[in-house]
Amino acid sequence: PRSIISVLTADDCHFKNLLDDCVKELGCEAPELLSVSDVEDQDWVRITQAQFQPSHVSPRLWIVPSWSEPLWPTLEVRLDPGVAFGTGSHPTTRLCLNWLDENIKSADAFLISGRGTGILAIGAKKLGAAEVCGTDIDPQAVEAARDNAVRNDVEAQFWLPADMPAAILIVVANILANPLKLLAPALLGRVAAHGALV
């Protein structure tokens with residue numbers, strides 16, 4: 001029944017006038033103005049970067065943002081937070097990375113479905129998978145994954161669903177439950193004989 005909206009504006013904005021214009025344009029009741037205050041100028045880039053430190057995500061693998069020093073001699077995925085899901089902080093991503101760490105064999109070929117930044121595909125390649133590819137319905141996510149693979153110096157292919165290969169030994173799907181249920185037949189259709197769906 002009650003919504004509170006916070007708005008950031010430039011210093012020279014006359015907020016009360018802006019609010020009056022919005023109310024007039026929308027033809028709605030004027031909201032209660034709770035407070036107006038100045039925000040101190042800060043190094044927002046540094047503050048944002050401080051929230052994302054190197055993260056130990058599996059026995060052998062670390063996720064390290066580009067502004068952090070390498071954690072030699074660890075296996076690391078260099079990854080910055082961005083528009084796509086997959087910084088390594090979500091429990092399902094960590095569970096998948098741990099499964100990959102424990103189960104990858106050098107001859108394995110993987111298809112990662114719903115891979116966002118490409119973190120699982122890049123992680124699989126770093127952990128020793130022979131062949132890795134990924135798919136996502138979001139073209140921005142596909143592009144982000146390709147960029148991150150280049151940044152991490154790994155060979156991985158990323159496609160939209162219509163372009164992905166027919167059969168892969170192991171398919172890893174880290175997506176929400178309802179889409180996973182809907183996509184289960186299509187995902188199982190991509191699993192090669194004697195393969196696995198994770």
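**Exercise 1. Work out the order of the three strands in the open sheet, and which strands stand at the edges.**

Start with the order: the three strands line up as E1-E2-E3 in an open sheet with mixed pairing. Strands here are DSSP runs of E of at least two residues, and helices are H or I runs of at least four, both numbered from the N terminus. Two strands count as paired if DSSP finds at least two bridges between them. Next, the edges: E1 (55–56) and E3 (75–78) each have a single partner strand, so one side of each is left without a neighbour in the sheet.

A quick word on ground rules: this is a predicted model, where local features need pLDDT of at least 70 and side-chain atom pairs count only at pLDDT 80 or more, while totals for chains, interfaces and linings use all residues. Residues are numbered from 1 along each chain as its sequence is written, and side-chain values use heavy atoms, leaving out hydrogens and water.

**Exercise 2. Find how many bridges join E2 to E3, and which helix packs on the sheet.**

First, E2 (residues 61–64) and E3 run parallel, joined by four bridges. Within that pair, Ile63 stands opposite Val77 in E3. Then look at helix H4 (residues 119–126), which packs on the sheet and touches E2 and E3; contact means heavy atoms within 4.5 Å. The direction of H4 makes about 150 degrees with that of E3, using lines fitted to C-alpha atoms (for helices over the stretch in contact) and angles from 0 to 180 degrees between N-to-C directions.

**Exercise 3. Count the disulfides, then say whether Cys96 is buried or exposed.**

With a disulfide being a pair of cysteine sulfur atoms within 2.5 Å, the count is zero. For Cys13, the nearest cysteine sulfur belongs to Cys22, 9.4 Å away. For Cys96, that of Cys133 is nearest, at 15 Å. Cys96 is buried, with a relative accessible area of 10% (buried is under 20%, exposed over 50%, partly exposed in between; 1.4 Å probe, protein chains only).
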